[in-house]
Amino acid sequence: MALLTVENVGVRFGGVIALDGLTFAVDEGHICALIGPNGAGKTTLFNVLSRLYEASEGSVAFDDHDLLKLAPHDIARIGIARTFQNVALFPALTVLENVMTGAHCQGKIGMGRAMLRIGVAREEKALRARCRSILERLGLGAQAERPAAGLPFGTLKRIEFARALASEPRLLLLDEPANGLTHGEVDELGETIRSIRDQFNLTLLLVEHHMAMVMAISDHIVVLDFGRKIAEGPPSLVRNDPKVIEAYLGAPA
């Protein structure tokens, strides 16, 4: 069953067509990759799903929600989280505190009670325990009390995953998660993505240029070129599609 359904979505910036009638669906529990050359419209779609951009046409359904009618601050509340191409953690905060910032949308205490400090300590204690558990499950428990500043880039990427998981999403959007990683770290990242899918019962949609990882971990792949879908299907089908080879993977010599 599809958790996310994108139907005929178009995005225009003046005379520039960034997305043109894009339609696809992501089944619950699957890892779906969105690939294509630079400028194909991949990040534009992520920004539509995050409500950072307005679609010019089309519809997006997430579970029972009409996504395009929601405000950006409601996206996390309904179960969608996102990471970005560039890591944006708070260097002076500890790893645990950085992860806790991802759970702000799950807070039950309103502004009035927070100002009066009613129930704050109890909620914060529970939040700390939950976020520490997430770090342990991602193999980051030993770094929980360390400042984020100075940690290896690959570790910072996993902390960003943990922060996204703190919001208890059903759908996780990963925007070029392998960007800046070494080959060894990319292999480890692929294993991490599959692990968090299984451990946290997630559905994942990722934009990625690292084709070896995409082909290894994806259940379904959607290929864009100049804002249009040119192919979709399982990795075995997409990697042999002539249009994909010509537009993205490179025509054989």
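How many residues of helix α1 (residues 42–49) are buried? The answer is in the first view below. This is a predicted model, in which local features need pLDDT of at least 70 and side-chain atom pairs count only at pLDDT 80 or more, while totals for chains, interfaces and linings use all residues. Residues are numbered from 1 along each chain as its sequence is written, and side-chain values use heavy atoms, with hydrogens and water left out.

**View 1. Helix α1 is mostly covered.** Here 7 of the 8 residues are buried, where buried means under 20% relative accessible area, exposed over 50% and partly exposed in between (1.4 Å probe, protein chains only). The buried set is K42, T44, L45, F46, N47, V48 and L49. After α1 comes R51, with a positive phi near 70°. Helices here are DSSP runs of H or I with at least four residues, strands are E runs of at least two, and both are numbered from the N terminus.

**View 2. An open, antiparallel sheet is built from 4 strands.** Read across, the order is β2-β1-β4-β5. The edges belong to β2 (16–27) and β5 (65–66); each has a single partner strand, so one side of each has no neighbour in the sheet. Strands count as paired if DSSP finds at least two bridges between them. β1 (residues 2–13) and β2 are joined by 8 bridges in the antiparallel sense, and R12 has I17 of β2 as its bridge partner.

**View 3. Strand β7 (residues 171–175) is covered on both faces.** All told, 5 of its 5 residues are buried: L171, L173 and D175 lie on one side, with L172 and L174 on the other. In a regular strand the side chains alternate between the two faces of the sheet. β7 runs parallel to β6, with 4 bridges between them, and parallel to β8 (residues 203–207), with 5 bridges. Follow L174 for a handy landmark: T83 stands opposite L174, and L174 in turn stands opposite L206 in β8.

**View 4. The largest pocket has a volume of about 570 Å³.** For the grid-minded: on a 1 Å grid over the protein atoms alone, a pocket is an open set of points with protein on both sides within 12 Å along at least five of seven lines, and lining residues have an atom within 4 Å of a point. Points are joined across faces, edges and corners, and the volume is the space filled by probe spheres set on them. Of the 23 lining residues, A76, A81, R82, F84 and H104 are the closest to the centre. β6 (80–83) and α5 (153–165) each supply at least two lining residues, and β6 gives the largest share, 4 residues. By class, the lining has 11 nonpolar, 8 polar and 4 charged residues.

**View 5. Helix α6 (residues 183–199) has its buried residues along one face.** Its 17 residues reach 24 Å from first C-alpha to last, close to the 24 Å expected at 1.5 Å a residue. Buried here are V186, L189, G190, T192, I193, I196 and R197. E191 counts as exposed at 53% relative accessibility, and its C-alpha is separated by 17 Å from that of D175, 16 residues apart along the chain.

Conventions: On a 1 Å grid over the protein atoms alone, a cavity is a set of points where a 1.4 Å probe fits but cannot get out, and a pocket is an open set with protein on both sides within 12 Å along at least five of seven lines; lining residues have an atom within 4 Å of a point. Ala, Val, Leu, Ile, Met, Phe, Trp, Tyr, Cys and Pro count as nonpolar, Asp, Glu, Lys and Arg as charged, and the others, Gly among them, as polar. The expected span of a helix is 1.5 Å times one less than its number of residues. The arc is that of the directions from the helix axis to the C-beta atoms.
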